[in-house]
Amino acid sequence: MPPKAKPGSKSAAKKKARESARLEAVFKLFSTFFATQYGEERWQKLHKALEAEQRYACLVNRYADPADVVRALLPVADQLSLSPYFANRYDPALALRCFTIENPAAAAAPTASGRPGPFPPPVRDMSNNLSTYYLLDLSSLLATQALDVAPHHRVLDTCASPGGKSLAIFQRLGEKGKLHVNEPNNERRKHLRRVLDEYCPQGTVGNADQPGRISVSGMDLSKRRSGEDLPGGIASFDRVLVDAPCSSERHLIHSPADLAQWTVTHTKTMAKRQRAILSEALRACKIGGKVVYATCSLSDAENDSVVEWVRDKFNDAAVIIEENPNGWGVGEKTRCGWLVLPDVSNGWGPLYFAVLHKVGNVRETGRSRGDYNDDYDFEDDEEYNSDDFDI
């Protein structure tokens with residue numbers, strides 16, 4: 001093995017120059033790819049917005065003591081605005097309480113501790129030892145709103161870590177509602193379980209000895225017919241959320257080392273994986289139920305094109321792409337769904353989501369086995385293992 005180049009040596013300088021040249025070439029290809037999709041002018045504005053710090057909203061934990069929630073938010077009380085987007089048509093008492101800071105620059109500024117600002121860090125309440133609120137992008141909550149969860153529903157979250165969307169779903173459920181969260185990666189599943197235990201009443205999250213209203217599994221739903229092993233089997237959930245692993249381009253923009261690994265081929269590979277997961281999600285959903293497909297990707301190949309593929313590959317009479325004529329408050333319409341991008345959404349996003357209404361038995365038409373990624377391993381996917389979704 002040749003000796004490693006010493007810092008400051010000519011070989012080290014050449015290596016650094018090569019890495020710099022590679023990163024520049026990849027970034028040029030990356031920019032050309034998205035400028036082709038969005039147009040050069042829009043892409044330049046979007047790229048600048050993506051370089052800014054991510055903006056966060058504050059989802060209040062309805063299981064925490066309200067007095068302790070108020071005390072925790074007191075330092076920013078005069079800046080808070082209650083978001084109008086999260087009413088509950090089934091039970092107004094189960095509407096999400098989500099606060100934002102109206103000044104986007106202040107909302108995105110990190111605190112001295114490095115946490116998303118300007119919100120103080122959540123604290124545990126005095127009554128139940130539960131965390132008072134959860135910080136995440138407002139667009140993430142819009143995707144759960146689109147799921148249209150009723151209090152009695154049985155809901156599946158297919159790729160649930162780090163847990164913000166799962167918490168939002170659970171807060172919409174009544175005493176008869178149940179949530180099954182799935183996370184194929186072992187370390188992320190451990191984190192998910194910690195989040196659920198931190199925010200949900202004791203005994204809510206079940207285990208081998210004691211079932212609860214929330215159950216947890218570690219299945220890889222990109223495997224063909226893996227949904228048959230879900231609790232209750234196929235066609236057993238009223239609502240299914242697919243917050244799919246994706247290319248997460250905002251993370252790449254903030255991480256030159258990860259951006260250097262980006263290729264167009266990777267986007268295509270990711271889309272193949274997403275199609276497989278969405279297909280299993282539709283099989284897991286009851287007739288009459290809904291599936292929300294979501295990503296934080298900018299790429300049409302991972303967004304509308306995935307939804308169109310599933311629509312075309314299943315019986316057209318079985319899956320309907322559902323539109324909201326009034327929109328979702330923040331973002332813009334796409335061919336099949338809704339897209340929240342920070343350049344035109346006051347700093348929120350990126351997040352894409354689409355609503356698929358299952359109205360009949362889904363029968364595969366023309367899908368080859370090769371369209372499923374049977375050899376994919378979530379444990380080895382560094383991008384999927386990153387926590388750059390919500391906190």
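I counted twelve helices and 13 strands in the protein. Helices here are DSSP runs of H or I with at least four residues, strands are runs of E with at least two, and both are numbered from the N terminus. The model is predicted, with local features needing pLDDT of at least 70 and side-chain atom pairs counting only at pLDDT 80 or more, while totals for chains, interfaces and linings use all residues. Residues are numbered from 1 along each chain as its sequence is written, and side-chain values use heavy atoms, with hydrogens and water left out.

**Overall figures**

Buried means under 20% relative accessible area, exposed means over 50%, and partly exposed lies in between, with a 1.4 Å probe and protein chains only. I then took the contacts with a sequence separation of 6 or more, and residues 24 or more positions apart account for 76% of them. A contact means heavy atoms within 4.5 Å.

**α1 and α2**

I checked helix α1 (residues 10–38) against α2, and their axes come within 7 Å and cross at roughly 120°. That angle makes α1 oblique to α2. For the classes, angles under 35 degrees count as roughly parallel, over 145 as roughly antiparallel, 65 to 115 as roughly perpendicular and the rest as oblique. The axes are lines fitted to C-alpha atoms, for helices over the stretch in contact, and the angles run from 0 to 180 degrees between N-to-C directions. I noted the crossing of α1 and α2 as right-handed. A crossing is right-handed if the near helix is turned clockwise from the far one by less than a right angle, and left-handed if anticlockwise.

From α1 the contact takes Phe-27, Phe-30, Ser-31, Phe-34, Ala-35 and Tyr-38, and from α2 it takes Glu-40, Arg-42, Trp-43, Leu-46 and His-47. I sorted this contact of α1 with α2 by class and got seven nonpolar, two polar and two charged residues. Ala, Val, Leu, Ile, Met, Phe, Trp, Tyr, Cys and Pro count as nonpolar, Asp, Glu, Lys and Arg as charged, and the others, Gly among them, as polar.

I also looked at Lys-48, which lies in helix α2 (residues 40–51). Lys-48 is exposed, at 64% relative accessibility. Lys-48 and Ile-253 are 205 residues apart in sequence, and their C-alpha atoms are 10.0 Å apart.

**α10 and α11**

I found the axes of helix α10 (residues 264–284) and helix α11 (residues 304–313) within 10 Å, crossing at roughly 50°. This pair is therefore oblique, and the crossing of α10 and α11 is right-handed. Ala-271, Gln-274, Arg-275, Leu-278, Ser-279 and Leu-282 of α10 meet Val-306, Val-307, Trp-309 and Val-310 of α11. I sorted the residues of this contact into seven nonpolar, two polar and one charged.

In α11 I found Asp-304, Val-306, Val-307, Glu-308, Trp-309 and Val-310 buried. The buried residues of α11 pack against α10, β9 (285–295), β10 (319–322) and β13 (351–358).

I placed Leu-252 in helix α8 (residues 249–253). Leu-252 is buried, at 0% relative accessibility. Ten residues separate Leu-252 from Trp-262 in sequence, and 8.2 Å separates their C-alpha atoms in space.

I placed Glu-183 in the loop between β6 (178–182) and α7 (186–199). Glu-183 is buried, with a relative accessible area of 0%. A polar atom of the Glu-183 side chain lies 3.2 Å from the backbone nitrogen of Ser-161.

Definitions and conventions
A polar contact is a pair of N or O atoms within 3.5 Å; within protein, one must be able to donate a hydrogen and the other to accept it, and residues adjacent in sequence count only if both atoms are side-chain atoms.
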